[in-house]
Amino acid sequence: MTLTAGASRLYRKNLVLTLLCGLWVALALTLLIGQPSILSGATLTSILQFATLLALVSLGQALVVLAGGAGIDLSVGGNVSLSAIAGVMALQAGVPAVLLPVVCLLCGFLLGAVNGLLIAKLKIYPLIVTLGTFYAYSGLALSLTGGAAQSGVPAWVLPWGRGVLGDIPLPFLTLVIPAFLIAALLLSFTSWGRWIYAMGFNEHSARLVGIPVDRARILLYSLCGMLAGGAGFVSLSWLGSGRPNAGVNLELESLTAALLGGVAIFGGKGGVAGVFAAVLLLVTLKTSMLQFGINTVWQVGVVGLLLIAVLLADRLSKTRS
Amino acid sequence: MATSFTPALKFSGRELTLACVCLVAIVIFSLASPYFATLDNLTTVLRNSTELLLIGLGMTLLLAMGGVDVSVGVVMGLAAIVIGQLLNAGVSPGLTALSGPLVGAVIGVISALVVVVGRIPAIVGTLGLYGVYRTAVFALLGGQWLSGLPDSLTQLVSAPLLGLPITVWVIALAYGLVWLALRRTPYGLHLLAIGNSEDKARLSGIAVTRVRFATFIISGLLCGLAATFYVGTYRNVEMTIGSQLALEAIAAVVLGGTGIMGGHCSLLGTVLGVFLLRILQNGLLLIGVPSLWQTVVTGGLLLLVLTAEVLSGRLRIHNMNLRKNRLKGEGTA
């Protein structure tokens, strides 16, 4: 088989992946020609630092979408903000500082479990549930703090949150990479992972063969919430304060990353490696927009356009086959 | 799960419950705050409901069709910017007022092209469009508010007609037209059929694409109309315009009993849902709850109602099964 035949087969098989590679190449070329100075270790560090939050949230989002049942979690951004705020407020209320990560993760887990219970037990449409919790969580984060950043993050987390090993930020190295590795292993090599694909591919059959679909779904939404809580903790240790707007726009960006990474919107197809690549692409895109002096308000528009483009491309590749 | 054809304007149990809840809220807030039950304040509540009533009407159609649009608030914002700039340019208020719905309808066409023709799930498609429109609002405003607009449009929309402000007539006309379209034209039947099952609707020969396309345009048009009243009333356009409207519209419509999975709708329910939301927001503000809590209340209310609905539905089915079993027991005895 020649290389071109292989490439064209890959193109036909997965238009989205091709689009992703194309975008990467285009972006790299633009950077090389327009701003060669951007290609430095410091830029890599800052890109990976921004990518840490998005990567954790996108991983959860990808798992939820993958499991099907019109799965979607619009509340992740609100969850990140509220978990971060909850962590700081717990410390202010006298919880020992050592427990900060536990509080954030637990809060995220519980907020995700609320989504999961409403969706799997009460059978309410995920879109509506998470839209409601999105406003409830982000509204709570704002109203509990009055919109002001909360100080009181213990000093011991800052060296971790801002530290680097080589040019790679520590949170990225110690949280994101293990999380993606574990997720990839779980999805490919455990029955639990195969259940997720099965219920995303055909929920009815999954139930018939005895997969505990509801339990798995509740756990997935909780896991997605816990990853958002982890992102909240990272935001604390990186920014040094609890900001009620830490998770703004993350729902849009994580959904874009998940779909850009090849997860099918109706579930059952995709993997976490693509999501990882898509996160890096998105953050690189945003960072280079900044480097070219484009106002940050354009970022949300570009992400939105990308989301639409990727879905249209996916649709196109389906009609062709 | 949805009933096949619920009359769009029948006073059913849901509307009655909602009306009672509105009344109870009014009574409680009147007792709690001396300022609530004043004519001034109640007029304000009605006034604040204008945009949500119009946008909620479009959202009712979308949800009944099994669709959704989370970009409605920003669409209103875009139309409001055009209106504001026309006003600043000295265009006559009549033409300016019409430009709102026109711009809204044009944006509706764009949304429909993406969601309907591009066949992207409505929620994801409109979420993407939300980002694009939001950036467009920022870019068009160029970082500063449109404020202190001429009051020619204000005079037009607040002019009394037969003793009531023109706003009231326009809203009544919009609801009347939509009601007629739902009850007296094939459009309504087709819309609800698509909401029930798009595949079956397609198989039975309904022009699904055309109906869905039209509904997105109608919703856009209503958002534009809302923009006309928004600019007419406040005479400014701020950066964050309409950021809460999508959630509020969905919450009001779901509160009103329109099924979120499509297939049936209630216009009266939407009106009552909007009023309940606005009464709660106004009343809570008056008894001293900071306005930052409004999103929490709206989101919480939406979840609460849905939960209650599902649980009460389960209870009903459970009771039905019990009765059936009892009858069966008697039959065999």
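Is the crossing of α4(A) and α5(A) left-handed or right-handed? The first view answers this for a predicted model, in which local features need pLDDT of at least 70, side-chain atom pairs count only at pLDDT 80 or more, and totals for chains, interfaces and linings use all residues. Residues are numbered from 1 along each chain as its sequence is written, while chains are lettered from A and ligands numbered from 1 in the order in which they are written.

**View 1. Helices α4 and α5 of chain A.** The crossing of α4(A) and α5(A) is right-handed (near helix turned clockwise from the far one by less than a right angle). The axes of α4 (residues 76-92) and α5 (residues 100-121) of chain A come within 8 Å and cross at roughly 140°. Contact residues (C-beta atoms, placed from the backbone, within 7 Å) include Leu82(A) and Ala86(A) of α4(A) and Val103(A) and Cys107(A) of α5(A). They divide into 10 nonpolar, five polar and no charged (Ala, Val, Leu, Ile, Met, Phe, Trp, Tyr, Cys and Pro are nonpolar; Asp, Glu, Lys and Arg charged; the others polar).

**View 2. Helices α3 and α5 of chain B.** The axes of α3 (residues 72-88) and α5 (residues 122-141) of chain B come within 9 Å, crossing at roughly 25°. That makes α3(B) roughly parallel to α5(B). Their crossing is left-handed. Among the contact residues are Leu78(B) and Ile81(B) of α3(B), and Tyr133(B) and Val137(B) of α5(B).

**View 3. Chain B against chain A.** Here 36 residues of chain B touch 36 residues of chain A. On the chain B side, α5(B) gives the most, with 12 residues.

Definitions and conventions
Axes are lines fitted to C-alpha atoms, for helices over the stretch in contact, and angles run from 0 to 180 degrees between N-to-C directions. Helices (H or I, at least four residues) and strands (E, at least two) are DSSP runs, numbered from the N terminus. Angles under 35 degrees count as roughly parallel, over 145 as roughly antiparallel, 65 to 115 as roughly perpendicular and the rest as oblique. Two residues are in contact if their C-beta atoms, placed from the backbone, lie within 7 Å.
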